[in-house]
Amino acid sequence: MEIDERLQGRLEGLLRTELPKIRLREEIRSLDISDLFVLDEKFSSLIQKTSKETREEFESYIGERSFLPVVAGFLYDEALKIPAEEKAGKKFLCECSPFNDVEKLAKKIVGMFLALPLEYLIAIKLPNDLADILRENKSEGIFGRRLAVVGNWHQDRQDYPAPQEKIVAEQENRLLQLSLNLKKTGAPVEQVNSANSAYLFLRVAGYIDDDAVFSRQPLSKSITLLKAFLGLAIGMNILNVAGPLATKSTPVQLDIYGRRDGVWGKLTDEELNHGASQLAHRMTVGQRDSSAINLGLKSIVSVLDREADLPQLVLAGRWFFDSRANADEVMGFMQLAICAETLLGTEDGADGVTGILASRCAYLIAESMKERDDLFVEFKSLYKVRSKIVHRGLGVFRKSERQQYLRLRAICSRIIQKEVTLAMADESENQEAPSLIQALHSAQALVADRSPSSKNAAAG
């Protein structure tokens, strides 16, 4: 991290003054957290008085509070190493060795900020049937700048670790039953242990403390990218959502890796919230064309790698995912409306906003003049439901409104497909762009065959 010498001097001066005030707690001779909060407030106040660029850098890597996430854990861990006899009779941390060299300690702490951002890999397991198709197709790993799709069968993992899977009792029972069945049929039993697993890896930068208590910036960013990836995959029919919502489901785990001495090692893990986990468990492959699936995944990785140029498409994928994960249909409709508005775009408060959105939607995805006219009328009708929710407090859908909700979902899916296709057409440097576009067109044709016409209200 770039910190100018003037700010470095101020931060070191603040630490030289405030570190000697950190008290040891009498009962366990650990640190007084209230003193750390005071120092955190003063430290953050100095950051807020610096340049906009520096403030944004601190916030993107750590968050609004700067000191606690990076330093508190370090001080606690080091304090625990101090022998009890060294702490005896002392009230302040800096009375103990090695903290009594306050000048050295202040420089070390500022150095911890200069070393940012740290790099992390966050892994999530993709649906099993998707992994099966990719392996059967002998698909190579997909490696982008920020995302990668890697299978456990890939020999060259390009330094991506193999997550250790947790096998619960139910899975063990299924494996045992499968083993018995294979013995009966004469099939080779070793097939039981050759399960395919594919992982989405997200590469993020910043700072994550091991307990993910104070600093969640890179973690929050990775969850947004994860939702965008899965949302775009659902919208493009690479993944499908099947089966009813389970009343109970195992939380989906994100494995968080950090680099130590050039080697990736697991630091901690995080669980997706209930709704996101339920949706992730229900996802299956949406089509069986392995080549189109592989090219479609490459296009999504390419789009998310270009977030700076395509922020609306990334956010739309996230909102599309959130809508599918939301058990509340009314809120799910509003999230779909945000998805559509993000992609079609208009200034807040613009006159005739519904008409503008309807026109852009119709001209973007229609495949005939008649469909364009029908979509224009239908989109405006769909947005009347949004108005009922916002202005009249509509809280429960009737049958007709639920059908409109499903129809808006189908329209958002088509908009996503079109926008991804246009994004790939702009990527002139990518040699695979023509193949990706062809695959996307094939996927769109498949979805169009399955989707209801503009006059019907049933959609999946």
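**Figure 1. Salt bridges across the predicted model.** A total of 27 salt bridges is found in this structure, which is a predicted model. Side chains of opposite charge can pair when their charged atoms come close. The views below zoom in on a few of these pairs.

**Figure 2. Lys107 and Glu12 join helix α6 to helix α1.** Here the two side chains form a salt bridge, with 3.3 Å from N to O. The partners come from distant parts of the chain, 95 residues apart: Lys107 sits in helix α6 (residues 102–114) and Glu12 in helix α1 (residues 5–18). Lys107 is partly exposed, with a relative accessibility of 45%, whereas Glu12 is buried at 11%.

**Figure 3. Glu103 and Lys107 pair within helix α6.** Stay with Lys107 for this view: its side chain also meets that of Glu103 in a salt bridge, at 4.0 Å from N to O. The two residues are about one helical turn from each other, because they lie four residues apart in helix α6. Glu103 is partly exposed, at 37% relative accessibility.

**Figure 4. Arg65 reaches Asp40 from a loop.** The side chains of Arg65 and Asp40 make a salt bridge of 2.6 Å, N to O. This pair, too, links distant parts of the chain, 25 residues apart: Arg65 belongs to the loop between α3 (52–61) and α4 (67–80), and Asp40 to helix α2 (residues 33–48). Arg65 has a relative accessible area of 42% and is partly exposed, while Asp40, at 0% relative accessibility, is buried.

How values were computed. Residues numbered from 1 in each chain as written. Predicted model: local features only at pLDDT ≥ 70, side-chain atom pairs only at ≥ 80, totals over all residues. Heavy atoms only, no water. Buried < 20%, exposed > 50% of the residue type's maximum accessible area, 1.4 Å probe, protein only.
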